[in-house]
Amino acid sequence: MAMDLDVLSTPGHLISLAARGFARLSEARLKPLGFGVGHLPVLVALRDGQASTQRDLARFARTEQPPMAQMLARMERDGLIRRTPDPADGRSRRITLTEVAETRLPDAIAVLLRGNQEALAGFTDEEAGQLVALLTRLIANLDRVASAEPS
């Protein structure tokens with residue numbers, strides 16, 4: 001019996017609950033801006049010039065290409081991105097933000113930062129920094145474990 005309760009207090013389960021809570025909050029607050037929570041890594045990578053192709057965006061957002069392709073199709077339909085032929089490679093398409101997306105992005109980032117502040121109510125700056133550092137290490141460990149698994 002005790003073992004069953006323990007699995008509900010593991011980091012994996014608690015992080016999953018926290019992620020769902022953040023996703024619900026963010027989704028609700030981003031919707032009026034025309035964004036979904038999954039759009040953010042794509043929008044930021046495009047804005048900062050860290051990626052301009054579907055493959056690079058999938059890698060940056062740590063997702064597979066098919067779901068990224070679906071999301072990009074929706075984003076294009078919603079007027080957030082545009083795709084143009086890549087002058088360097090005719091088979092590839094360059095992805096850029098539309099003016100609409102660029103204009104709304106600062107508000108979206110502000111909404112997410114405010115949500116994080118609210119979620120960290122009662123945490124000291126040191127505790128918040130520690131949480132980020134611990135989660136960053138945890139993600140690196142998970143990446144290492146996943147890359148060692150047979151695919």
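Biologist: Which element gives the largest share of the lining of the second largest pocket?

Modeller: This is a predicted model, where local features need pLDDT of at least 70, side-chain atom pairs count only at pLDDT 80 or more, and totals for chains, interfaces and linings use all residues. Residues are numbered from 1 along each chain as its sequence is written, and side-chain values use heavy atoms, without hydrogens and water. The lining of this pocket (an open set of points on a 1 Å grid over the protein atoms alone, where a 1.4 Å probe fits, with protein on both sides within 12 Å along at least five of seven lines; lining residues have an atom within 4 Å of a point) consists of Thr53, Gln54, Arg55, Gln65, Arg83, Asp89, Ser92, Arg93 and Ile95. Two elements give two or more residues, α4 (54-60) and β2 (89-97), and the largest share, four residues, comes from β2.

Biologist: How many residues of that lining are charged?

Modeller: Let's sort them by class: Ala, Val, Leu, Ile, Met, Phe, Trp, Tyr, Cys and Pro are nonpolar, Asp, Glu, Lys and Arg charged, and the others, Gly among them, polar. In the second largest pocket, one lining residue is nonpolar and four are polar, and the number of charged ones is four.

Biologist: Which helix supplies the largest share of the lining of the largest pocket?

Modeller: That pocket has a volume of about 950 Å³ and is lined by 24 residues, with Ala18, Ala19, Phe22, Asn116 and Leu135 nearest its centre. By class, 20 are nonpolar, four polar and none charged. At least two come from each of α2 (11-30), α6 and α7 (125-148); eight residues, the largest share, come from α7.

Biologist: At what angle do α3 and α5 pack?

Modeller: Helices here are DSSP runs (H or I, at least four residues), and strands are too (E, at least two). The axes of α3 and α5 (residues 65-77) are 11 Å apart. The two helices are roughly perpendicular (65 to 115 degrees; under 35 is roughly parallel, over 145 roughly antiparallel, the rest oblique), because the angle between N-to-C directions, which runs from 0 to 180 degrees, is about 75 degrees.

Biologist: Which residues of α6 make the contact with α3?

Modeller: The axes of α3 (residues 39-47) and α6 (residues 99-119) come within 11 Å and cross at roughly 125 degrees, so these helices are oblique to each other. Contact means heavy atoms within 4.5 Å. From α3 come Leu40, Leu43, Val44 and Arg47, and from α6 come Ala101, Leu105, Ile109 and Leu112.

Definitions and conventions. Grid points are joined across faces, edges and corners, and a volume is the space filled by probe spheres set on the points.
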